[in-house]
Amino acid sequence: MERKVKVKFCGLTREEDVVKARELCVSYVGFVMYPKSPRYVSKERLKELITIAGDVLKVAVVVNLPYEDLRELLDMGVDLLQLHGDEDPSIAFRVGMDRVIKAFRVKDGLRVDPVWREAHAVLLDTHKEGTYGGTGETFNWDVAVSLVRQGYRIILSGGLTPQNVGEAIKKVKPYGVDVSSGIELSPGVKDHKKMEEFCHAVENP
Ligand SMILES: O=C(O)c1ccccc1N[C@@H]1O[C@H](COP(=O)(O)O)[C@@H](O)[C@H]1O
């Protein structure tokens, strides 16, 4: 039997969007803890949002934070840390590899250290100079196909939308798919119709 592709909705900032995600096909909700992002949520806001996320896995998206801050996020009730910067495996081993989604911003010549196979998953996003994520742009999915074939548990991200996610799933066969700007009205404000359409497209690729 075909395995169901996991869905992660990322960059949530509003209660109503978390509630809507719970009602849909979503396994993970992500909150961006990077202060320069237009989708940034503070720790206080994170606390409020994770209390309404229910059984959905709660992911804190972070960029190059020190160990103490990562530990604090886990202690607050976050299930997984999405390391979206230039983090070294050593910090992931310190917090627990099974609590880590390691994000890579894909560009030519990307090399993934095999040690990241031990992480919960490897997330592939689009590389764009001057930004860490949320670009809304796709990358060459052949890179993802190759890593899936090498046995990595891949969450495909970067520019996914209700229109292209079916094609992406058929080509890459990822463990999961992740979307932020493709289901938005504006940065941090999700469009409930697009959220529904995204889930429909994942379930009917
Ligand atoms: O969204 C951001 O501003 C952001 C900032 C810093 C790190 C990651 C960020 N976003 C992540 O980027 C991917 C892809 O987003 P998109 O679908 O292409 O818009 C996703 O995991 C976001 O959480």
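How far is an oxygen atom of the ligand from an N or O atom in the side chain of D125? This tour of a predicted model begins with that question and then moves around the ligand.

Colour the protein by confidence before going further. The mean pLDDT of the protein is 95, and 99% of its residues reach 70 or more. For the complex, the predictor gives an ipTM of 0.97 and a pTM of 0.96.

Next, select D125 together with the ligand. The distance between an N or O atom of the D125 side chain and an oxygen atom of the ligand is 3.2 Å. Move to S37, where a polar side-chain atom lies 2.6 Å from an oxygen atom of the ligand. Then select G136, whose backbone places a polar atom 3.0 Å from a ligand oxygen atom.

Now show the surface. The protein covers 98% of the 520 Å² of accessible area that the ligand has on its own. The ligand takes up the space of the largest pocket. Strand 1 (6-10) and strand 8 (176-179) are the elements that give two or more residues to the shell around the ligand.

Finally, select the 22 residues around the ligand, of which C10, S37, G134, D178 and S181 come nearest. Coloured by class, this shell shows six nonpolar, twelve polar and four charged residues.

Notes. Residues numbered from 1 in each chain as written. Predicted model: local features only at pLDDT ≥ 70, side-chain atom pairs only at ≥ 80, totals over all residues. Heavy atoms only, no water. pLDDT = per-residue confidence, 0-100. Near = heavy atom within 4 Å. Polar contact = N/O pair within 3.5 Å; in protein donor to acceptor, adjacent residues only side chain to side chain. Areas by Shrake-Rupley, 256 points an atom, 1.4 Å probe, with all protein chains shown as cover. 1 Å grid on protein atoms, 1.4 Å probe; cavity = no way out; pocket = protein on both sides within 12 Å on 5 of 7 lines; lining within 4 Å. Sits in = over half its atoms within 2 Å of the grid points. Helix = DSSP H or I, 4+ residues; strand = E, 2+ residues; numbered from the N terminus. Nonpolar A, V, L, I, M, F, W, Y, C, P; charged D, E, K, R; others polar.
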